[in-house]
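Here is a friendly walk through the model on your screen. Please keep the sequence and the structure open side by side as you read.

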Amino acid sequence: MDASRQVPEGAGSSQESNASSPQRPGNASPVAPRNLVRPLILVLLFLAASTLVSLWVGYRLLDLSLLREDETARSLFFQLRLPRVVLGGILGASLGAVGACLQAFFRNPLAEPFTLGVSGGGTLGASVAIALGWGINLAGVPMVFLAAFAGSAAAVLVVYWLSRTGDVVMPGTLLLAGVVVNLIASAGVILIQYIADYSRALQILRWTIGTIDVVGFDRIWRMLILLIPGWAILLAITRDLHLLAMGEESAASLGVNVRRCERLVYIASSLIVGVAVAEGGTIAFVGLIIPHAVRLVLGQDVRLVLPCSFLVGAGFLMLADALARTALPSGELPVGAVTAVIGGITFLGLLRRQRRFSAI
Amino acid sequence: MMASASFTSPNPADALIEARGLRFAYEADRWVVDDVSLRLEHGALAALIGANGSGKSTLIRLLAGLRSPDAGEVFFSGQPLKGIPRKRLARSLAYVPQINPMIFPFTAMEVVLTGRSPYTPRFRFENRFDVEQALEALATVGAAHLAPRPVTELSGGERQLVAVARALAQEPECLILDEPAAALDLKHRAALIRILRQLRDRQGMTALMVTHDLQLLDPAFDRVFAIHRGSLLAEGPPGKVLRDEVLSRVYDDPKVRARKLEGRTFVWSGT
């Protein structure tokens, strides 16, 4: 995120030439065709840099010679640090992309998994699963993921059902419904913690704050079983979302099947957020600030914003987790708290900078 | 139907849009559109008038395929509308909605470029030809200078022009517009009608436009449809519909007067 702001001014607005269409000198139209290549290179550079940084820092700085010689150091790196960085990337990418999707779909710049109650619903679902000790897997997928998916899906449906009257989604009601669903869900989580036995209650508490401890790649593979279909859906409907961001009726008149797109948004966002929440707890604000930051640099085109939010979100959460691991001289911070602080403050800054453009 | 029965073409396949017995209700048994049959001929510039809440917007949504009628059927060039794939329909039929608030500061160019989406593959950005088409569409409505501006900074009228440009970028045979003139000033209203007439004359484009501005209709329009409580009350050339006895029924207002002056019909109601 921070790196994406250091990008040279106007990098997004001046995509004149590109590889796919030959430049005609002296006949350049004032607005040249878009392409994904330049923004993608930019964003991949940021992602690569943040991956390196977050692999480097930690309880001990990475020591390459030690890694070659010492068996323990190697196993620590490959069993603890690498999976953790990968998990951070996966979660950040998921939240960033879902945030971009929800903002476009609801035409609401404040929409994101957290503010719409989707994370809350997922948290409740996952808490139920943890409290009941559902450690089992269903066809390779942990029950916790499925329970969180169910919770997220229920939350989306309730919020959407409340805020939609006829053809119109009322933006105020949407956010209010999201907040209320979140409150109900967190009350539910508290009740479950209260009733559940001590060790499980502690497990739920630690997890709801949003930490991404992980050992080995086993859980990550299991997450990907559900996440990859979700990501694929989001990418497949990116153009529809671009049209929907300008209005539902005009999108429909341009050939978008709005009802089908709506169902796909439900499925993909609750699938992705459910799994992300089940594994990482509530990591707030990533889905909100990442798309905003990307838009500031690359402009409004959802076909750029969504895939770039995916990659920038990954880099951002890796960095945030690197900070969480190293901020305290002893021990570490929950990454959810770090993103809430960084995200909240950055968001206020974005809001101020962007105030003159739109009615947020 | 009062002034109906002046069908110009005897061949039913000739109509660009034909509605047969359309009915639509948002709530059970409250017909917003009640048994409407009409024909919009190729190359006609037509207006749909009626009081507030008479079902005009709903009717044109049915005609544009944005809603499905509860009964009856719409035909486009003789084909059932519901059988035409959405994307193909979007290349022939463009719809300009009433002004909708824009939340994100897309540039006018980005908005107009979406008019090219029925022609571009899902995973491809618009190419140089699409950009040229979009610029041309903006120039046609006299809004080329707005291209780089964020739509959130434009006035309602400017945004309306951008919406019309987007529809033109679809290169449609038929344009359906929901009160496009409402946010436009005197000059731009006249300009919009001129553009529609030019498009009709040069490209044979058909247009149906909902309007409350009855001064625009005579002599610029070919045909006027008047709807009253969901039913077609009158249709015909402007001179035939814009008459005291017709309009006072259309608007349930006995004080409506229509008078011809310098070749135009002016309409007002006693205040």
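Predicted model: local features only at pLDDT ≥ 70, side-chain atom pairs only at ≥ 80, totals over all residues.

In which helix of chain A is the place of Gln193(A)? Gln193(A) sits in helix H7 of chain A, which covers residues 171–195; helices (H or I, at least four residues) and strands (E, at least two) are DSSP runs, numbered from the N terminus.

Residues are numbered from 1 along each chain as its sequence is written, chains are lettered from A and ligands numbered from 1 in the order in which they are written, and side-chain values use heavy atoms, with hydrogens and water left out.

Once neighbours within four places in sequence are set aside, Gln193(A) is in contact (heavy atoms within 4.5 Å) with Ala201(A), Ile204(A) and Leu205(A).

Ala73(A) belongs to helix H4 of chain A. With a relative accessibility of 17%, Ala73(A) counts as buried. Leaving aside neighbours within four places in sequence, Ala73(A) is in contact with Leu66(A) and Leu67(A). Asp63(A) lies 10 residues from Ala73(A) along the chain, and their C-alpha atoms are separated by 8.9 Å.

**Chain A as a whole**

Chain A contains 15 helices and four strands. Of its 360 residues, 55% count as buried. Among the contacts in chain A with a separation of 6 or more, 76% join residues 24 or more positions apart.

How confident is the predictor? The pLDDT, the predictor's confidence in each residue from 0 to 100, averages 81 in chain A, and 83% of the residues score at least 70.

**Where chain A meets chain B**

How many residues does each chain bring to the contact? Chain A gives 47 residues and chain B gives 38 residues. Together the two chains bury about 3600 Å², 56% of it on carbon and sulfur atoms; buried area is the accessible area (1.4 Å probe) that two parts lose on being put together, summed over both. Arg239(A), Met246(A) and Leu254(A) supply 20% of the area that chain A buries against chain B, more than any other three residues.

The rule finds three salt bridges across the interface of chain A and chain B, where a salt bridge is a side-chain nitrogen of Lys or Arg within 4 Å of a carboxyl oxygen of Asp or Glu.

**Salt bridges up close**

Side chains of opposite charge can pair when their charged atoms come close. Over all chains, the structure holds 27 salt bridges. The table lists some of them.

| Pair | N to O distance |
|---|---|
| Glu249(A) and Arg61(B) | 2.2 Å |
| Arg303(A) and Glu126(B) | 3.0 Å |
| Arg20(B) and Glu18(B) | 3.2 Å |
| Glu27(B) and Arg30(B) | 3.7 Å |

Glu249(A) forms a salt bridge with Arg61(B), and this pair crosses between chains, from helix H11 of chain A to helix H1 (residues 56–63) of chain B. Glu249(A) is partly exposed, with a relative accessible area of 23%, whereas Arg61(B) is buried at 17%.

In chain B, Arg20(B) counts as partly exposed at 42% relative accessibility, and Glu18(B), its salt-bridge partner, counts as buried at 11%. Salt bridges that share partners join Glu18(B), Arg20(B), Arg39(B) and Glu41(B) into one network. Arg30(B), which pairs with Glu27(B), counts as exposed at 56% relative accessibility.

Key
Buried < 20%, exposed > 50% of the residue type's maximum accessible area, 1.4 Å probe, protein only.
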